[in-house]
Amino acid sequence: MGSEAPRRIRAAIVGSGFSGLGIAIGLKRAGIDDFVLFERASDLGGTWRDNIYPGCQCDVPSHLYSFSFRPNPNWTRTYSMQPEILDYLRGCAHDVMGHIRFDHCVTSARWDDDGNVWVIDTDQGTWVADVLIAANGGLAEPAFPDIPGLDTFDGEVMHSAAWKPEKDLAGKRVAVVGTGASAIQIVPQLQPIVEKLHVFQRTPAWILPHTDRPIRERERNLYRRFPLLQKVVRRAVYLARESLVLGMTRNRRFLRPLERVARAHLARQVPDRELRKLLRPRFSLGCKRILLSNRFYPAVASPNCELITAGVSELRGRSIVGAAGTEREVDAVIFATGFRVIDNPTTELVTGSAGVSLADHWRDGGMRAYLGTTVDTFPNLFLMTGPNTGIGHTSLVVMIEAQIRYIVDALKTMSRLDLASVEVLPSSLEAFNDELQAKMQDTVWTMGGCVSWYLDEHGRNPTLWPDFTWRFKRATRQFDPVAYRLTKRVPQRR
């Protein structure tokens with residue numbers, strides 16, 4: 001056992017990123033004080049703690065990528081860099097720091113039918129909780145491709161989400177695998193300092209000009225003096241982003257103006273016609289994450305950079321081999337290959353009332369949850385940023401805040417009705433998921449002509465919300481008991 005004696009708590013939260021801290025603050029504001037937040041690391045911040053690669057920056061404007069109930073008038077850029085976002089989260093956590101147990105890695109969580117509680121094992125001891133809130137997030141487990149020679153490569157191997165700042169890459173021969181959101185930020189940082197840079201691209205991305213700029217001190221002073229002004233700016237950014245839903249879910253013709261902007265951006269920044277062809281996407285804009293950069297194309301077009309339009313087939317002693325047989329000697333390989341979202345290994349650790357893990361429960365029927373939050377046969381389990389709560393156009397914080405309201409109201413309802421447990425009815429989940437997947441059929445993510453991490457092995461999209469976010473906010477405005485099996489608390493005999 002660990003240093004702390006096991007005890008019973010009202011709620012256990014796993015993870016201290018945006019969603020974990022957000023629900024912790026939500027519980028605190030609602031007067032629910034008996035909760036613990038388990039964090040496996042020694043610091044908070046989730047993906048904004050872990051991703052410290054050079055150039056790491058949010059691709060959502062700062063005023064929208066922050067809690068509406070914790071506005072920050074001090075953002076120094078319109079699109080914040082990683083250190084500033086992490087500082088923001090640390091500031092938000094001030095009121096809930098006493099509830100966080102750092103260096104507590106959850107090793108299993110199992111539902112006890114007899115006690116109507118979750119039994120949560122950590123490497124520091126066992127806890128018992130009425131409610132389990134999984135806020136570990138989809139961008140927490142780095143995904144490495146299954147490549148022969150990965151374990152025996154003589155050079156340095158890094159993932160973008162596990163950067164080793166102590167490793168000096170200056171003057172080295174470096175390969176970057178991937179051209180997604182993190183790669184287009186890393187490549188411009190490495191290109192000026194390395195001897196040779198090899199960028200392995202399986203599929204080119206749509207890249208728009210970046211509108212990031214410094215926020216002047218005069219603007220920040222206005223936000224401090226007139227908080228309403230910052231709310232107006234946030235609302236304007238939200239509405240502008242929300243308008244993209246029309247093209248992504250209704251009619252892709254609405255996205256064509258952005259496609260023209262992206263093509264002009266490519267033509268302007270890459271003079272070489274053959275290189276432009278290699279960098280030009282062949283699928284609809286929005287099918288994969290839309291990227292922002294003013295520096296990626298010039299970096300790739302530089303004399304010391306080589307674009308290899310293939311995946312990686314093998315790593316050898318000091319070389320990397322492309323799928324087309326190209327072999328390059330390198331000193332380091334950077335994998336910018338994303339995260340294990342659909343096959344997140346943490347789902348293996350959660351066992352429901354049927355004695356089946358969440359991973360096995362989803363294996364046949366696919367990853368799904370009612371309102372992205374609750375799962376049948378898993379009573380009193382609430383998922384933050386669960387299935388189909390991801391977004392391809394706006395800030396995930398919008399969805400997180402909607403879930404916070406829903407979960408807090410669920411706990412209030414349980415107390416008001418004296419409930420031991422709530423479990424979403426299979427019929428409620430089925431009806432919700434059928435409607436959601438029907439909406440998904442005509443979206444750009446399904447019909448846009450690409451293969452992305454949004455889709456599972458069956459071509460189904462279990463990750464994104466296929467509609468306006470205000471519809472999700474409306475659906476989660478309050479907990480809906482009629483969608484659940486409610487179990488009353490049994491009075492204890494004396």
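Cys56 is buried, with a relative accessible area of 6%, where buried means under 20% relative accessible area, exposed means over 50%, and partly exposed lies in between (1.4 Å probe, protein chains only). The sulfur of Cys56 is 8.7 Å from the closest cysteine sulfur, in Cys58, which is too far for a bond. This is a predicted model, in which local features need pLDDT of at least 70, side-chain atom pairs count only at pLDDT 80 or more, and totals for chains, interfaces and linings use all residues. Residues are numbered from 1 along each chain as its sequence is written, and side-chain values use heavy atoms, with hydrogens and water left out.

**Cysteines and the disulfide**

- A disulfide is a pair of cysteine sulfur atoms within 2.5 Å, and by this rule the count comes to 1 disulfide.
- Cys287 and Cys450 form a disulfide, with their sulfur atoms 2.0 Å apart.
- The link of Cys287 and Cys450 is left-handed, with -90 degrees about the S-S bond.
- Cys287 lies in the loop between H9 and strand S11 (291–292), and Cys450 lies in the loop between helix H14 (444–447) and helix H15 (469–475), so the pair ties together parts that are 163 residues apart in sequence. Helices (H or I, at least four residues) and strands (E, at least two) are DSSP runs, numbered from the N terminus.
- Cys287 counts as buried at 0% relative accessibility, and Cys450 counts as buried at 12%.
- Cys305 also counts as buried, at 9% relative accessibility.

**Salt bridges**

- Side chains of opposite charge can pair when their charged atoms come close. A salt bridge is a side-chain nitrogen of Lys or Arg within 4 Å of a carboxyl oxygen of Asp or Glu, and the structure holds 38 salt bridges.
- One of them joins Arg40 and Glu141, whose closest N and O atoms are 2.9 Å apart. Arg40 lies in the loop between strand S2 (35–38) and helix H2 (47–50), and Glu141 lies in the loop between strand S6 (125–134) and strand S7 (156–159), so the pair ties together parts that are 101 residues apart in sequence.
- Within this pair, Arg40 counts as partly exposed at 43% relative accessibility, whereas Glu141 is buried, with a relative accessible area of 16%.
- Arg173 forms a salt bridge with Glu329, and the closest N and O atoms are 3.1 Å apart. Arg173 lies in strand S8 (residues 173–177) and Glu329 in strand S15 (residues 327–329), so this pair ties together parts that are 156 residues apart in sequence.
- Arg173 is partly exposed, with a relative accessible area of 24%, while Glu329 is exposed, with a relative accessible area of 54%.
- A network of salt bridges links Arg173, Arg318, Glu329 and Asp331.
- Lys277 forms a salt bridge with Glu274, with the closest N and O atoms 3.8 Å apart. Both Lys277 and Glu274 lie in helix H9 (residues 273–279), 3 residues apart, which is about one turn of the helix.
- Lys277 is partly exposed, with a relative accessible area of 40%.

**Residues with positive phi**

- Most residues other than glycine have a negative phi, and most peptide bonds are trans.
- Thr377 has a positive phi, near 70 degrees, in a residue other than glycine. Thr377 lies in the loop between helix H11 (358–365) and strand S18 (381–383), and Thr377 counts as partly exposed at 22% relative accessibility.
- Thr385 has a positive phi, near 50 degrees, and is a residue other than glycine. Thr385 is found in the loop between S18 and helix H12 (396–416).

**The second largest pocket**

- The second largest pocket has a volume of about 490 Å³. On a 1 Å grid over the protein atoms alone, a pocket is an open set of points where a 1.4 Å probe fits, with protein on both sides within 12 Å along at least five of seven lines, and lining residues have an atom within 4 Å of a point. Grid points are joined across faces, edges and corners, and a volume is the space filled by probe spheres set on the points.
- Of the 22 residues that line the second largest pocket, Pro61, Tyr79, Thr211, Arg241 and Leu292 are the closest to its centre.
- Helix H5 (217–225) and helix H6 (227–242) each supply at least two residues of this lining, and the largest share, 3 residues, comes from H6.
- The lining residues divide into 12 nonpolar, 5 polar and 5 charged. Ala, Val, Leu, Ile, Met, Phe, Trp, Tyr, Cys and Pro count as nonpolar, Asp, Glu, Lys and Arg as charged, and the others, Gly among them, as polar.
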